[in-house]
Amino acid sequence: MYLAPKQKYEALVKTTEMGDFFAQVAENLKEGKFVFNEQDVPLEGFSSIKLSVKNMGESSLIKIKLKYQKTEDNDIFVNEGDEAGPTLESGRPKYKSLKKKMKNEWKTLRLSLQNGQLPDPTIASVFIEESRLMTTYPGKGDEYYAAYNAATDAFEKAVNDKDLEAARIAMSELGRLKRECHDRYA
């Protein structure tokens, strides 16, 4: 499904009913969906969500703004499951597109670990798969690939074993290798 790069939703709610309104939004999110003011809001492929509340006396205006991830070749934004950017004839994504997508996943994984939580298994799985794909591109840091793949394996094992400390250590090693490689090749 294609989306505009930014989506905005608004609701006018009685100020005294804001708690119930947000409780309903939270319940929907727990069920894996985002319903705002009786509108289904697509979450797949979003890069940020901003919430604002403007008190207008008896009522409050609640706004939610979402930004979605951008592909490199144009200004069309895509949800997960659609084409994830330009591809080569082989069907693989271009290296630059792959790195850009991984950057957002990297941030999400690091934040989870910094907050003392294991990362979302789906995001971790996608990141692991893309890490392995990334190390198949020749001339982009080949001498780092074996160590990076070993750290990726350690990260995958830690996530599968639900071992927070091992996941942190593996992510730290991935970060070190990433910095070294990017300093040399970026």
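Two strands are taken to pair if DSSP finds at least two bridges between them. In this predicted model, strands S5 and S6 form a hairpin, with 3 residues between them. The turn of the hairpin contains Gly57, whose phi is positive, at about 95°. Strand S6 covers residues 59–68 and is joined to S5 by 9 bridges, the two strands running antiparallel. Within this pairing, Asn55 stands opposite Ser60 of S6, and Lys54 stands opposite Leu61 of S6.

An open sheet of 3 strands has the order S2-S6-S5, and its pairing is antiparallel. Strand S2 (6–14) and strand S5 (46–55) are the edge strands, each of which pairs on one side only. From one strand to the next, the twist averages 15°. In general, the strands of a sheet pair through backbone hydrogen bonds, in either a parallel or an antiparallel manner.

When residues up to four places away in sequence are not counted, Ser52 touches Leu61, Ile62 and Lys63. A separation of 42 residues in sequence lies between Ser52 and Glu10, yet their C-alpha atoms are 9.6 Å apart in space.

The protein as a whole has 5 helices and 7 strands. Along the sequence, these elements follow the pattern β-β-α-β-β-β-β-β-α-α-α-α. Of the 186 residues in the protein, 33% are buried. Among contacts between residues at least 6 apart in sequence, 62% join residues that are at least 24 apart.

The largest nonpolar core has 24 residues. Those with the most contacts inside this core are Phe127, Tyr148, Phe155, Met171 and Leu174. At least two residues of the core are supplied by each of helix H2 (95–114), helix H3 (121–134), helix H4 (142–160) and helix H5 (164–185). Helix H4 provides the largest share, 7 residues. A second, separate core has 13 residues, including Ala11, Val13, Met18 and Phe21.

The contacts of Tyr148 show how parts of the chain meet. Leaving aside neighbours within four places in sequence, Tyr148 is in contact with Met102, Phe127, Ser131, Met134, Thr135, Leu174 and Leu177. Thr135 counts as buried because its relative accessibility is 10%, which is under the 20% limit. With the same exclusion of sequence neighbours within four places, the contacts of Thr135 are Tyr145, Tyr148 and Asn149.

Val159 is a residue of helix H4. The relative accessible area of Val159 is 11%, so this residue is buried. Apart from residues up to four places away in sequence, Val159 touches Pro119 and Ala124. The C-alpha atoms of Val159 and Asp120 are separated by 9.0 Å, although the two residues are 39 residues apart along the chain.

The packing of H2 and H5 was also examined. Two packed helices are described by the angle between their axes and by the distance between those axes. The axes of H2 and H5 come within 11 Å and cross at roughly 145°. This crossing of H2 and H5 is left-handed. On the side of H2, the contact is made by Lys99, Trp106, Leu109, Arg110, Leu113 and Gln114. On the side of H5, the contributing residues are Leu164, Ala167, Arg168, Met171, Ser172, Leu174, Gly175, Lys178 and His182. The residues of this contact between H2 and H5 divide into 7 nonpolar, 4 polar and 4 charged. Met171 and Leu174 are also among the residues with the most contacts inside the largest nonpolar core.

The loop between H4 and H5 contains Lys162. Most residues other than glycine have a negative phi. In Lys162, however, phi is near 55°, a positive value in a residue other than glycine. Lys162 counts as exposed because its relative accessibility is 64%, a value over the 50% limit.

Conventions: Residues are numbered from 1 along each chain as its sequence is written. This is a predicted model: local features need pLDDT of at least 70, side-chain atom pairs count only at pLDDT 80 or more; totals for chains, interfaces and linings use all residues. Side-chain values use heavy atoms; hydrogens and water are left out. Helices (H or I, at least four residues) and strands (E, at least two) are DSSP runs, numbered from the N terminus. Axes are lines fitted to C-alpha atoms, for helices over the stretch in contact, and angles run from 0 to 180 degrees between N-to-C directions. A nonpolar core is a set of buried Ala, Val, Leu, Ile, Met, Phe, Trp, Tyr and Cys residues joined through side-chain atoms within 4.5 Å. Buried means under 20% relative accessible area, exposed over 50%, partly exposed in between (1.4 Å probe, protein chains only). Contact means heavy atoms within 4.5 Å. A crossing is left-handed if the near helix is turned anticlockwise from the far one by less than a right angle, and right-handed if clockwise. Ala, Val, Leu, Ile, Met, Phe, Trp, Tyr, Cys and Pro count as nonpolar, Asp, Glu, Lys and Arg as charged, and the others, Gly among them, as polar.
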